[in-house]
Amino acid sequence: MQHPFFTGPQEHFFRPLTHGDRECCATVLRNLFDRIHGPNADYSEALTRDVVLNIILQALSDPLLRASVFDMARTTTADEERLYANELLRKLKEHGWLEDYKDPIDLKPTLKLTRAGKVMSEALSSLDNSRGKTRQRNMRSAKKALSAFVASQDADELLDAYDFAARVVQDLQDDIEYFRSLIQSLTREALAQKIAWGEFNEFIDKRFAKEYAVRLVADSAERHRGQLMELLDMARALPQEDRAVVDEHLLQRAVWLETHATWRSPTLWLCDRMESMVDAACNLKLPMLRSEMNNYVRRFTSLLRQALSLDYGAESALGRTMSWLKEREADERSDLLEALCARLGTTEVRLPGAGMRWTVRDREIEHAPLGTLEVSEASRIEALMRRAEAQAFAFSDQDVLSGLLPHLAGGRLSLDQLPIDNAVDAVRILHAVGAARSSEGRRFMTARKRGDRVENDFFTADNFELEADLSALSSHTDPT
């Protein structure tokens, strides 16, 4: 059983964030995290009591935060600010955000964020969208880590590749939620007859130019998908002895794999999970991100065009009328609408007179009369030949497996040992490795890359060794 969280000093952990000054407290926690663990952290100075008090006093310099703490109807003295800073520091220590710590070098009493305080402060810091963030390029990082694993067979590299691949989907989902929040903000601003220029400029100047442009081009999942799949196939094709050693190291470093992988090899399970995550990023999350981005830009453009045409900000006739209707009671609004309807009701709609000329832009093209349809024996033969040529080299994975399994019943074979009697056999050998590594072929056979190459009259390629699973063949004689 896990240790309960709300015990000891953490019994009332979130109490400092439940009072009227909670916004000031959240700002102090964000500043503390940036001071200790942020990109601009100052590691040369220890986090003493005076440093924390200065961070609180700097937060109080903001008029909005100051108004949430003190009564603005009267003047606040420096002693009152200092008293509040000491009281907030006491609350953070009492409820498990900060703790006393002795510097091991000079044994001076200092402070530090507790483990729970660090995690929660980081969450508050990451929720602030106005702060600059440096995102990792997870697709390229996953590819580099997976390439290093194939070269060195280091279990840590495979775990790093798995973590980077998981962050790809997570980052895309965060981006989708970000655009949905922008659309909601646009709707709120439109109801208040405003245009969200600030958010749109921030999106164009900061977010899109520095993050989304790179993620959709240089770090795109679709761009690196093919290379990642090749590296995953190479990782799956490791010899069984080497894979057993990697599996043992993986179980030592990541105990949770034993629960998730169950009876499968942890290496193969991680490769399959990375492939599914990359597929989800390419087939699901990236289209959703493009759609949400398009919806946001289209919605903003529509609102901007509507605002410019209706002239919300100026004292136009329509704007004054809408404001008057909004401020009046229901009876007065009804009277004005009836008056407008009576005035508009006298409008007469007529067709344009004979003096107006219409310009014909599209002239109808005269088509030649269709001839009679004649079906002859030569046309039938030509159609059959075209169909046969189109289907001559169309092989599914099941067709390739059906042709390979009879040859593998006697044991393992390499590609250069398979017979080539015609063009169909040559095409089947070309598709053999892909069919063996497909979702259907993995149940029946494995493909391992060899150091030599296969050369014949039809093609030259890397040589692979194919081996069928006899137990799978006995239970599934036909993969179809």
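**Exercise 1. Decide whether Cys-282 is buried or exposed.**

Step 1: Recall the cut-offs: buried means under 20% relative accessible area, exposed means over 50%, and partly exposed lies in between, with a 1.4 Å probe and protein chains only.
Step 2: Cys-282 has a relative accessibility of 4%, so Cys-282 counts as buried.
Step 3: Try the rule on Cys-25 as well: its relative accessible area is 0%, so Cys-25 is buried.

A word on the model you are looking at: this is a predicted model, in which local features need pLDDT of at least 70 and side-chain atom pairs count only at pLDDT 80 or more, while totals for chains, interfaces and linings use all residues. Residues are numbered from 1 along each chain as its sequence is written, and side-chain values use heavy atoms, with hydrogens and water left out.

**Exercise 2. Find out how many disulfides there are.**

Step 1: A disulfide is a pair of cysteine sulfur atoms within 2.5 Å.
Step 2: By this rule, the count is 0 disulfides.
Step 3: Check Cys-25: the nearest cysteine sulfur belongs to Cys-24 and is 7.4 Å away, and Cys-25 is in no disulfide.

**Exercise 3. Describe the aromatic pairs that involve Trp-269.**

Step 1: Rings of Phe, Tyr and Trp (its six-membered ring) pair if their centres lie within 6.5 Å; planes under 30 degrees apart are stacked, over 60 edge-to-face, and the rest tilted.
Step 2: Searching the whole structure gives 10 aromatic pairs.
Step 3: One of them joins Tyr-162 and Trp-269, with 6.2 Å between centres and 40° between the planes, a tilted pair.
Step 4: Now place the two residues. Helices (H or I, at least four residues) and strands (E, at least two) are DSSP runs, numbered from the N terminus. Tyr-162 lies in helix α7 and Trp-269 in helix α12 (residues 266–310), so this pair ties together parts that are 107 residues apart in sequence.
Step 5: Trp-256 and Trp-269 also pair, at 6.2 Å centre to centre and 70° between the planes, which is edge-to-face. Here Trp-256 is in helix α11 (residues 256–261) and Trp-269 in helix α12, 13 residues apart.

**Exercise 4. Work out the strand order of the open sheet.**

Step 1: Two strands pair if DSSP finds at least two bridges between them.
Step 2: The sheet has 3 strands in the order β3-β5-β4, with antiparallel pairing.
Step 3: β3 (413–414) and β4 (445–455) are the edge strands, each pairing on one side only.
Step 4: Look at β4 and β5 (residues 460–468): 8 bridges join these antiparallel strands. Lys-449 stands opposite Phe-464 in β5.

**Exercise 5. Which residues of helix α17 are buried, and what do they pack against?**

Step 1: Helix α17 covers residues 423–430, and its buried residues are Asp-425, Ala-426, Val-427, Arg-428 and Ile-429.
Step 2: Using contacts, meaning heavy atoms within 4.5 Å, the buried residues of α17 pack against α16 (397–404) and α18 (432–436).
Step 3: Look at the start of α17, where a side-chain oxygen of Asn-422 reaches to within 3.0 Å of the backbone nitrogen of Asp-425.

**Exercise 6. Characterise Gln-153.**

Step 1: Find its place: Gln-153 lies in the loop between α6 (138–152) and α7 (155–191).
Step 2: Its phi is near 60°, a positive value in a residue other than glycine.
Step 3: With a relative accessible area of 27%, Gln-153 is partly exposed.

Key:
Polar contact = N/O pair within 3.5 Å; in protein donor to acceptor, adjacent residues only side chain to side chain.
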